[in-house]
Amino acid sequence: MSEPIHILLVEDDLAWEKYFREAVAQSLDNTFRFSFAGDLKTAMEKLADDKSIQLVMLDLMLPDSEALNTLQVMSEKTKYLPIIVLST
């Protein structure tokens, strides 16, 4: 069996974090593994410390960054990681 895809969810809404935690817990094949960050600063620290992260799911409106600035900062630091933008 292959290793799960490691996804960093960058989202300050705890309801979304809870949803993804529950989804992972219910997953039978362990396809995904999630890490979580509630702000851009924490996300950047996690990306620097954990090279196993393969994908970022990014909320654009965070406590320490807004809109396209969030995406710009993240994409400059993670040039080779795919980023999925979350917007509600």
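The expected span of a helix is 1.5 Å times one less than its number of residues. I keep that rule at hand for this predicted model.

**Entry 1: helix α1**

I looked up the length of α1 and found 13 residues. From its first C-alpha to its last, α1 reaches 18 Å, close to the 18 Å expected. I then checked the start of α1, where a side-chain oxygen of D13 comes to within 2.9 Å of the backbone nitrogen of A15.

**Entry 2: residue E11**

I noted that E11 sits in the loop between β1 (5-10) and α1 (14-26). Which side chain of opposite charge is nearest to E11? I found R21, but R21 is 13 Å away. E11 is buried and has no salt bridge. A polar atom of the E11 side chain does lie 2.9 Å from the backbone nitrogen of D13. Leaving out residues up to four places away in sequence, I listed the contacts of E11 as W16, A37, G38, D59, L62 and L86.

**Entry 3: salt bridges**

How many salt bridges does a search of the whole structure find? I counted 3.

I took E17 and R21 to begin with; their side chains meet at 2.7 Å, N to O. These two are 4 residues apart in α1, so about one helical turn separates them. E17 counts as buried because its relative accessibility is 18%, and the cut-off for buried is under 20%. R21, at 45%, counts as partly exposed.

Next I looked at K18 and E22, whose side chains meet at 3.8 Å, N to O. Both lie in α1, 4 residues apart, about one turn of the helix. K18 is exposed at 52% relative accessibility, and E22 is partly exposed at 39%.

Then I turned to E45 and K41 in α2, which are 4 residues apart, or about one helical turn. The side chains of E45 and K41 form a salt bridge of 2.7 Å, N to O. I recorded E45 as partly exposed at 38% and K41 as exposed at 54%.

**Entry 4: helix α2**

Which residues of α2 (40-49) are buried? I noted L40, A43, M44 and L47. Seen down the axis of α2, its buried residues fall within an arc of 100°, so they line one face of the helix. They pack against β1, β2 (32-37), β3 (55-59) and α3 (67-77). On the other side of α2, I found K41 and D49 exposed. At the start of α2, a side-chain oxygen of D39 reaches to within 3.3 Å of the backbone nitrogen of K41.

Note on methods. Residues are numbered from 1 along each chain as its sequence is written. This is a predicted model: local features need pLDDT of at least 70, side-chain atom pairs count only at pLDDT 80 or more; totals for chains, interfaces and linings use all residues. Side-chain values use heavy atoms; hydrogens and water are left out. Buried means under 20% relative accessible area, exposed over 50%, partly exposed in between (1.4 Å probe, protein chains only). Lys and Arg count as positive and Asp and Glu as negative; His and the chain ends are not counted. A salt bridge is a side-chain nitrogen of Lys or Arg within 4 Å of a carboxyl oxygen of Asp or Glu. A polar contact is a pair of N or O atoms within 3.5 Å; within protein, one must be able to donate a hydrogen and the other to accept it, and residues adjacent in sequence count only if both atoms are side-chain atoms. Contact means heavy atoms within 4.5 Å. The arc is that of the directions from the helix axis to the C-beta atoms.
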